[in-house]
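Here is a walk through one multi-chain model, taken piece by piece. Have the sequence and the coordinates open while you read.

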Amino acid sequence: MIGAASALNGNISGEWYLALAAVLFAIGAFGLLIRRNVLVMFMCVELMLNAANLTFVTFANMLHDIGGQVLVFFVLVVAAAEVVVGLGIVVAIFRRRANATADDFHLMKG
Amino acid sequence: MLHLTYLIILLPLVGFAVQVLFGRRLGDPVAGAVATIFVGASFIVSVGVFFDLLAVHGAVRSFTQNLWTWIPVGGMQIHAGLYVDPLSMTMVLFVTGISALIHLYSIGYMKGDRDYPKFFLYLNLFVASMLILVLGNNLLVTYVGWEGVGTCSYLLVAFWFTRETAAVAGKKAFIYNRIGDAGFIAAAFLTFDKVGSLDYSVIFANVGKIGTANITAICLLLMVGVAAKSAQIPLFPWLADAMEGPTPVSALIHAATMVTAGVYLLCRVNPLLHASPDAAWIVALIGAATAFVAATIACAQNDIKKVLAYSTVSQLGYMVLAIGAGAYEAAIFLMVAHAFFKGLLFLGSGSVIHGLHDEQDLKRMGNLRVYMPITFVTFGIGWLAIAGVPPLSGFWAKGDVLDNAWAAHPALWVVGIFTALLTAYYMSRLSGLAFFGQDRWKNKVAVGADADMPDAHHAAGPIPEPHESKWVMTLPLIVLAVLAAAGGVMAFATPHLSLARWVDPVFSGSLYNDHETTSTIWKLSTLDAVVAVIGVFIGLRLWITRADRPKLEWAFLRQSWYFNEIFDAIIGRPGARLAQFTSTVIEDKVIDGAVDGTGALVRRTGMALRRVQTGYVRNYALWIVVGIVALFAFMLTRTWWA
Amino acid sequence: MSTLLFAAASGAYGAKIHTPHIDYLSILPILIMMGGAVLLVTASSLFRQVMGVGSATFITVGTAIATLVAALFQWDHVVTHGAKVTIAGSIAYDGFSVFIQIVVAIAMLLTALIADGYLKREGIDGPEFHVLAMLSASGAMLMGSANDLIVIFLGLEILSIALYVLAAFNHKRAESGEAALKYFVLGAFSSAVFVYGIALVYGATGSSNLPQIADYLSKNVVASNGVLLAGLALLLVGFGFKIAAVPFHMWSPDVYQGSPSPVTGLMAAIAKAGAFAALLRVFVSSFGTLRADWQPIVWGIAILSLVVGAFAALVQKDIKRMMAYSSINHAGFILLGVQAATVRGVSASLYYLFAYMFMVIGTFAVITVVARDGDSGHQLTDYRGLGKRQPLLALAFAVLLLAQAGAPFTTGFLAKFTVVAAAVDIHSYALAVIAMASAAVAAFFYLRVVVAMYSPVGAVGDLSDLDAGELDAGPISVASPANAPVSVHGQNDAVASLSVLTEGPPTSAVADRMVRVPGLTTVAIGLSVGFTIVFGIIPGPIVDFAHQATLLFT
């Protein structure tokens, strides 16, 4: 983050970072839609969260406001907690069946 | 004790709940005793509240108890509130008092009935509903009670529903009352539209803003409700049929309390009537016409309860006439006195019917004074009271109404005095046939039984010797007889005892009485007494000696002026045809088709939605993304637009 | 030790760190709820041998009651001293937040009572269920109090993460795991969307604090700010997911069906309460100036939710799925109040949340006991004859269902009435008409359950007739005709497909046995039904309460 901020002081304007974040976010969302492996889907969500983080930092820098950078920590903590629980659920399911393909789970529908 | 007002309603309601939960287990006669105790307790609380109200001095002798906010929707704030003032207090006192007596009487009368606990269940619910009606501080609460008493009336008229006539009579009562309810609720809507509130206090404070035409409309719509509930022309025929119910029901609901609800309502909204002379005139005319027509019909009935029923209609006509004439206090006086003597007469007739093993035909009675002395004496007091013989209560109450009618318009008085003559006559006919003359109950059939006599109920077989009823039945008779005899004291204008002084604040003192000289009142009163005595004399003279006088019982009167037939021709038969059309064409083709079509459409939509729900996570995520894209697209139009 | 270091460090640099003043009263209920969870998990790990489900329930009920008492005390305090903003502007301490604390605390209380019998029946040991439930409740409460977008996010995650685990709690059922997985993947996805929305709003307005955002919006004309509007849209998606509004609702039928029944009730009540509270606070108060931009979206989402919820519920065989669609329909109704964005609309929404909380938890209490061992008897056929076998239970269920359908003299009626009135107030006639039409359709599927309860076991009758044709083609018929239960009219296939979803005997084979209703569950059902009826007849106090709460909105 510090690195990103100092790079901004160079000649790359903030809009580029925002665009990058948007692209990362879109890639994450797209990945979630097309990938079948639950773990990879988690990773896609992480990518989306980090895109949001990047946006926070960029805006914080553009606005000269430390608040945006603080928000990132909250998001990081939450993301970590989320992953722990997610993996826990996957492990619990692994005990029943030995794969992690999301498409195998369609017992309930309609 | 004023703050305990809610108990007056709550006690019968608790009684009702007890009957619902334990009625069957309590059985005969404990269930009846329990019901009586709850109503009696309600009466005791009422007396307490009455004395507290009496202790309040000053111009505004009233008390409002807001129990809870019932319908709080934006501008519409309807409270479940109770309003205690001299008017509602008067009603509460005689409703609870007479109800308690009639509950007591019913313990004996209903003995051995298959549905004994159910009877008291309905009766308690009725008392609670009636008290809600009386105590409500806004039109909607009153309406709840209004519907409640209507429902109970239906249930109780059709109490012996296995009897075809009783079931039909119940339906008839219900339908006539629904017509009235429609009028009531329309009046409430109109009032809310013009005033923005249903609270009586708010409505009356804003009478000036409503506009005379609207007030007249509201009053006339209310009058529709009153005509149904209080059996006024043209909605009165149900009351005669309602006599199919057990006699205590006739006494309580169809003589003393429920039918006076209409009169009470008109008194309650007196500021509106006061502001609309046109409506008041129509009310007076309807009352006068009803009083006269019903009295003529009563002259030709053979069923003892039918005579009393038409007599009730006639007396209610007097009350409505008084209200139309602006004499609310006279109307209330007659209402209270009528509750005493008509309740008494019905209970007495019940005692007679009981003694004769369910015989209701006057032509098969006779000479009962020998066999049922207590019933005879008490009934006799009721008879002379309603006939208007001084110094019994009826003389004072009816005299008050007639004096006011005179002051309003002499024509109204003429109708009134003639009706008074008829009243004395038909009541004497009834008494003559029942208590004097031959022991006709020994005959196998009634005198002239082959003549067209539609509805009188007969005993199943030969009647054994009549007997006096037990104390639970005679005690209420005695109490009511004392009240019917001495009720006139309410008229004496000493500051503390006078009914008129007591309720005067409610009506802001607009009595025609005030404008008459003492000598006029004396002359009119003397005339009343003379007319009453003449009527009694003629009635007895004619009917003690002979029981069959077909010339005096015109078919026209026996058939109630053919009101039922007229309704049948103009409403009943076309209605049946319309119903036929609806059930065959509209129901089968239009509605069933639409329902089936809608059902199929709904089901198909549902199934389509189920197919969308595939069970795959990525599909679900896709829908979220679709949502996001749609939202973005919309936001994009917003940015372009701006 | 660490404090010492900290003091030394600050002394060395000579600069004081300004920590915000913490008004503990303003977060007291949340602290109690979280504290209860921590206490329970600590106590149970210290006294593993002596702590059973019973003692866990005891502590949870105690905590919920303490929370409720604290919230009521707060209410008194707010009413007398007025609303304020505490803890550096991140927490709103007003009638609105206290209202949500009360709703969630009661929901927690009722759920603890129901869960006790459930856990004992299913043989699930340990205090974790209660701990997680209390944590998720504290998350919902935090959402109600949050005055900053990031605090809302924290509340949302505390609520959700605990619920993900709770959904997976019955590891004997395959559906439970699947529900948790679906809920988790989609929940995480929507959280990411939500956070990105916060980032965009932060970028456009320079703050994540709600009053500051409102302040900024009132001083600057930002009508065509694409970043801000995109952020708004993403926030709406995040909330839409939590409240299960169409088209972000797809998770809810599966998750409702798969989760343990008491969890479903809790989820329906508190997730809606928390998310709607935050939604109302963010959109009605902070983005109130932009209502022209978001009102049409809420309008559309409300209509979709009303229609889809009502129609899809009609064709369900599983009662928990049906309740899921019903809750989508309810979300549509509450959105009516949000869309109105008036005092009347907000108080109508709050009243709806309160009434719905009791109705839905009571409903799931009955569903929990009727489901029997294994939490699997959720088909309509399992309800056949309930009216004869256990008339009181059936009556309670009928009351709760009719209340949800909006029958008069229940809280459900006034709830629907007030939100529709709020919509009419701002001339959203189309919305009001569609809402009422959907209520009519919805009444049908609620009544279907009532009819099932009062019709005898074995008779196939109208219910199967209705969809016998579609059922064979329908996707849920996984059972073979071989294990079809007793049936008549030769509709074996249809009935078989109704009755079985997983391994195990056909449920209707045991359908004529009495179900055991644990005492505490009876208390919960009694409270729900009592509230629904009593305040249906005397709505004044609760309506006033909701109205007051709205007036004390910061």
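How many of the residues of α13(C) are buried? The helix is mostly covered, with 22 of its 22 residues buried. Buried here means 20 or more other C-beta atoms within 10 Å of a residue's own; exposed means 12 or fewer, partly exposed is in between, and the C-beta atoms are placed from the backbone.

Before going on, some housekeeping. This is a predicted model, where local features need pLDDT of at least 70, side-chain atom pairs count only at pLDDT 80 or more, and totals for chains, interfaces and linings use all residues. Residues are numbered from 1 along each chain as its sequence is written, while chains are lettered from A and ligands numbered from 1 in the order in which they are written.

**Chain C**

Helix α13 covers residues 319-340 of chain C and spans 32 Å from its first C-alpha to its last, close to the 32 Å expected at 1.5 Å a residue (the expected span is 1.5 Å times one less than the number of residues). Just past α13(C), C:A341 has a positive phi of about 55 degrees. Chain C as a whole has 22 helices and two strands, both taken as DSSP runs numbered from the N terminus (helices are H or I with at least four residues, strands E with at least two). Of its 554 residues, 65% count as buried. Take the contacts in chain C between residues at least 6 apart in sequence: 78% of them join residues at least 24 apart. A contact means that two C-beta atoms, placed from the backbone, lie within 7 Å.

| Pair | Residues in contact |
|---|---|
| chain A and chain C | 34 residues of chain A, 35 residues of chain C |
| chain B and chain A | 10 residues of chain B, 10 residues of chain A |

On the side of chain A that touches chain C, α2 (14-34), α3 (38-63) and α4 (67-96) each give two or more residues. The largest share, 14 residues, comes from α4(A). By class, this side has 25 nonpolar, five polar and four charged residues. Ala, Val, Leu, Ile, Met, Phe, Trp, Tyr, Cys and Pro count as nonpolar, Asp, Glu, Lys and Arg as charged, and the others, Gly among them, as polar.

Helix α25 (residues 617-641) gives the most on the chain B side, with five residues. That side divides into five nonpolar, three polar and two charged residues.

**Inside chain B**

The mean pLDDT (the predictor's confidence in each residue, from 0 to 100) of chain B is 86, and 94% of its residues reach 70 or more. Confidence is lowest in helix α21 (residues 499-507), at a mean of 74, and highest in helix α14 (residues 304-324), at 93. Over residues 450-455 of chain B, pLDDT stays under 50.

Now for one residue: B:F126 lies in helix α3 (residues 116-135) of chain B. Why does B:F126 count as buried? Because it has 25 C-beta neighbours inside 10 Å. Leaving aside neighbours within four places in sequence, B:F126 is in contact with B:V149, B:C152 and B:I253. B:C152 is 26 residues from B:F126 along the chain, yet their C-alpha atoms are separated by 5.6 Å.
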